[in-house]
Amino acid sequence: MAAASVSTSCIFCQIVRSSTTTTLIHTDEKVVAFRDINPSAFRHYLVIPVEHIATVKDLQRRTQDYSLVSHMLNVGQTLLSRDAPTSIQYRFGFHQPPFNSVNHLHLHCLALPYVPRWKRVKYSSLGPLGGFIEAQKLLERLKP
């Protein structure tokens, strides 16, 4: 990846730079994590890269992108196993354009059940139209 890029207008870049009141629940050199402001599940966290990458469409089949998504998933799994060990199920994935809400790559980490239950619709694959892609499926696409 090129030198870390940042967008001054991107709310997630502002969160990375601690320019908001958002409480970070994880930080390292590659990613930060925080609670979703509009949770769809018992626990709902977002893991985002420090570098501004707009969407899953900007990722390529290469080692650095595979490594980043893998790291994002590992962070999300660690956080949910710590904070929601009794959850009935976990889901990890990304919304694909045009269904993404913020143009900064973000992994949804969900400890189910969905709250309210109808929100599960937001986390469905729409096949060739996009929708939600599970993190493992994205990793299969990115594997060099």
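Colleague: Which residue lies over the face of Phe-42, and at what distance from the ring centre?

Modeller: This is a predicted model, where local features need pLDDT of at least 70, side-chain atom pairs count only at pLDDT 80 or more, and totals for chains, interfaces and linings use all residues. Residues are numbered from 1 along each chain as its sequence is written, and side-chain values use heavy atoms, with hydrogens and water left out. A charge sits over a ring if NZ of Lys or CZ of Arg is within 6 Å of the ring centre and within 35 degrees of the ring normal. Over Phe-42 that residue is Arg-43, at 4.5 Å.

Colleague: How many residues of strand S3 are buried?

Modeller: Strands are DSSP runs of E, at least two residues, and helices are runs of H or I, at least four, numbered from the N terminus. Buried means under 20% relative accessible area, exposed over 50%, partly exposed in between (1.4 Å probe, protein chains only). S3 covers residues 41–49 and is largely enclosed by the rest of the structure, because the buried ones number 7 of the 9.

Colleague: Which residue in S5 is the bridge partner of Leu-46?

Modeller: Two strands pair if DSSP finds at least two bridges between them. S3 pairs antiparallel with S2 (residues 31–35) over 5 bridges, and S3 also pairs antiparallel with S5 (residues 107–114), over 6 bridges. On the S5 side, Leu-46 has as its partner His-108.

Colleague: What kind of aromatic pair do Phe-12 and Phe-34 form?

Modeller: Rings of Phe, Tyr and Trp (its six-membered ring) pair if their centres lie within 6.5 Å; planes under 30 degrees apart count as stacked, over 60 as edge-to-face and the rest as tilted. The structure holds 4 such pairs. For Phe-12 and Phe-34, the centres are 5.5 Å apart with 70 degrees between the planes, and the pair is edge-to-face.

Colleague: How many residues apart in sequence are the parts that this pair ties together?

Modeller: Phe-12 is buried at 7% relative accessible area, and Phe-34 is buried at 3%. Phe-12 lies in helix H1 (residues 11–16) and Phe-34 in strand S2, so the parts tied together are apart in sequence by 22 residues.

Colleague: Why is Cys-109 too far for a bond with another cysteine?

Modeller: A disulfide is a pair of cysteine sulfur atoms within 2.5 Å, and a search of the whole structure finds 0. Cys-109 is buried, with a relative accessible area of 0%. Its closest cysteine sulfur is in Cys-10, which is too far for a bond because the distance is 17 Å.
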